[in-house]
Amino acid sequence: TKSIKWWQKAVVYQVYPRSFQDTNGDGVGDLKGIEQRLDYIKKLGADVIWLNPVYASPDKDNGYDISDYEDINSKFGTMADFDSLLAKAHEKGIKVLMDLVVNHTSDQHRWFIESRSSKDNDKRDFYIWRDPVDGHEPNNWGSFFSGPAWKFDDKTGQYYLHLFVEGQPDLNWANPTVRESVFNMMNFWVDKGIDGFRMDVISLISKPDGLPDGEVPEGAQYGNSDKAVANGPHVHEYLKEMRQKVLNRADMMTVGEASGVNIENAVKYANQDNSELNMVFQFEHMGLDNNPNPALGKWYDKKVSLVDLKANLSKWQNHLAEKAWNSLYWDNHDQPRAVSRYGSDRPEYRVVSAKMVATLLHFMQGTPYIYQGEEIGMTNAYNLQRDDFDDVEIKNAFKYLVDKDHLVDEATMLKYVHAKGRDNARTPMQWNDSKNAGFTTGLPWLKMNDNYLTINVKNTLADPNSVFYYYQKLIRLRHELPIITTGTYQLLDPNDEQVYAYRRVSADEELLIINNFTNETITRDYQVPANATILIGNYEDDAKSTLRPYEAKVYHFV
Ligand code: ISL
Ligand code: CA
């Protein structure tokens, strides 16, 4: 049998530094704030923190546009603050993953400033420059955040590629000097003693030869660059090189954000032969509740079909078993809140359904990720209006899809943003019921969710039946019961539209996980053996074959 790696038993807690804890009243969370809250994360029981980017950045896309990889954004503090946070986390036995954003840099990065200065600058080829074709963009690719993926630069008369916003020019990974520079920079962080990397859109770094047009979804303006670029011809070669030159220098944990990756290529990225990464964030389950109109992409407000969700997650569980490793997530800084999307944030169901959604995920095989606030059942932020949003993706959606292309009216788009917008996850952490929820004494950089008077850490810690203590128990169970890490996954009743039930099976014991996805009381008979005990559940007693609204329970038997 293969030995179990530390990151296969670990639970990760994602911190969005901007929105976690402000300590100097400027309304922006900072590194000192994270350090002050380490005991909270320790109490929850998480093993690892993933920090969203804290590097120097003009913040065109909240730190995903980096102008200096070896410096800290002054809004968040200093390199001394970072060193202190890392040391304190390690003292408490918490590991730290850094975000690695190397598909693109900021347009303010010195590499790009040089690159754009002239066609014969030695950094010209660090980025992807092309001549106009018939006076237009070199191909039909659209940016992930609406609009074209090419920007014309007057100075040299060429376009540069930006799969994300204009301020995020794509690096040219085909250039070996680019790779060498990135690996050197990564080694700077490895030498500091960090424990791993979360790699931003790593599936997009190798661009296809000739940059062919993407398929244009019906009704859309631009070709799909995601599909055209994902899993490009040399991506696995580049990652193997990275593994050799950087990642093998320490016992690191790596997770690649892998938009456009299916089960076949996931097995390459996350193969247990240790040649590339440990695991990927796959996106298929995030797209199941997209708009049926492809031109609107993710912008929609209908719930996912449970049958589709089961089929998808089960496919990943089964296909990666023994070959690769899954990451498990419902939400992050790019996704709406888990309880709002998969459970119900109505006051009468919020707590019970947040626990159900957690139960479903935390008994699967893989490494679970908890996004800050998920552990207290934070919800989408319905009080934010068009002018309140900060996120460039949301702003561009209004600008292009509503104002320019008239694909949808403004009121409908607002509904979609309330369901799917990234700012739902980015409103500041709700610590208590004082002004601005104890996040800041100043003006928060993004409007608070107005439900912080009831939904906050102080309340959740005072209530033994809270979402927090339920997550704490889920994490403890994963640490204690090897079957959660190693057991075989078996889906039950794939066509049941109301319940998601599955088993985890090992040589000498078994878990039966039952989740009622509806707000109704229903009946199901799973023929639970007489010797079964309840390991965890979100109701006080076991009503056997009766499943109450959003009920979740896990039986354990031998
Ligand atoms: O956010 C998305 C959907 O709303 C995704 O398409 C997202 O853009 C994609 O997963 C890439 O995300 C990552 O890279 C982006 C950055 O804006 C995201 O915050 C980051 O997680 C560009 O660096
Ligand atoms: Ca601050």
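**Note on the predicted model**

1. Gly 193, with a positive phi near 100 degrees, follows helix α6, where helices (H or I, at least four residues) and strands (E, at least two) are DSSP runs numbered from the N terminus. This is a predicted model, in which local features need pLDDT of at least 70 and side-chain atom pairs count only at pLDDT 80 or more, while totals for chains, interfaces and linings use all residues. Residues are numbered from 1 along each chain as its sequence is written, chains are lettered from A and ligands numbered from 1 in the order in which they are written, and side-chain values use heavy atoms, with hydrogens and water left out.

2. Helix α6 itself covers residues 176-192, and its 17 residues reach 25 Å from the first C-alpha to the last, close to the 24 Å expected (1.5 Å times one less than the number of residues). At its start, a side-chain oxygen of Asn 175 comes to within 2.8 Å of the backbone nitrogen of Thr 177. Among the buried residues of α6 are Val 178, Phe 183, Met 186 and Trp 189, where buried means under 20% relative accessible area, exposed over 50% and partly exposed in between (1.4 Å probe, protein chains only).

3. Asn 24 is exposed, at a relative accessible area of 52%, whereas Asp 30 is buried, at 4%.

4. Ligand 1 is surrounded by 18 residues, the closest being Asp 61, Asp 200, Glu 257, Lys 298 and Asp 334 (a residue counts if one of its heavy atoms lies within 4 Å). A polar side-chain atom of Asp 334 lies 2.5 Å from an oxygen atom of this ligand, and a polar side-chain atom of His 104 lies 2.9 Å from an oxygen atom of ligand 1. The protein covers 94% of the 490 Å² of accessible area that ligand 1 has on its own, by the Shrake-Rupley method with a 1.4 Å probe.

5. An open sheet of three strands has the order β6-β8-β7, with antiparallel pairing, two strands being paired if DSSP finds at least two bridges between them. Because β6 (129-130) and β7 (150-153) each have a single partner strand, one side of each is left without a neighbour in the sheet. Arg 130 stands opposite Tyr 159 in β8.

Methods
A polar contact is a pair of N or O atoms within 3.5 Å; within protein, one must be able to donate a hydrogen and the other to accept it, and residues adjacent in sequence count only if both atoms are side-chain atoms.
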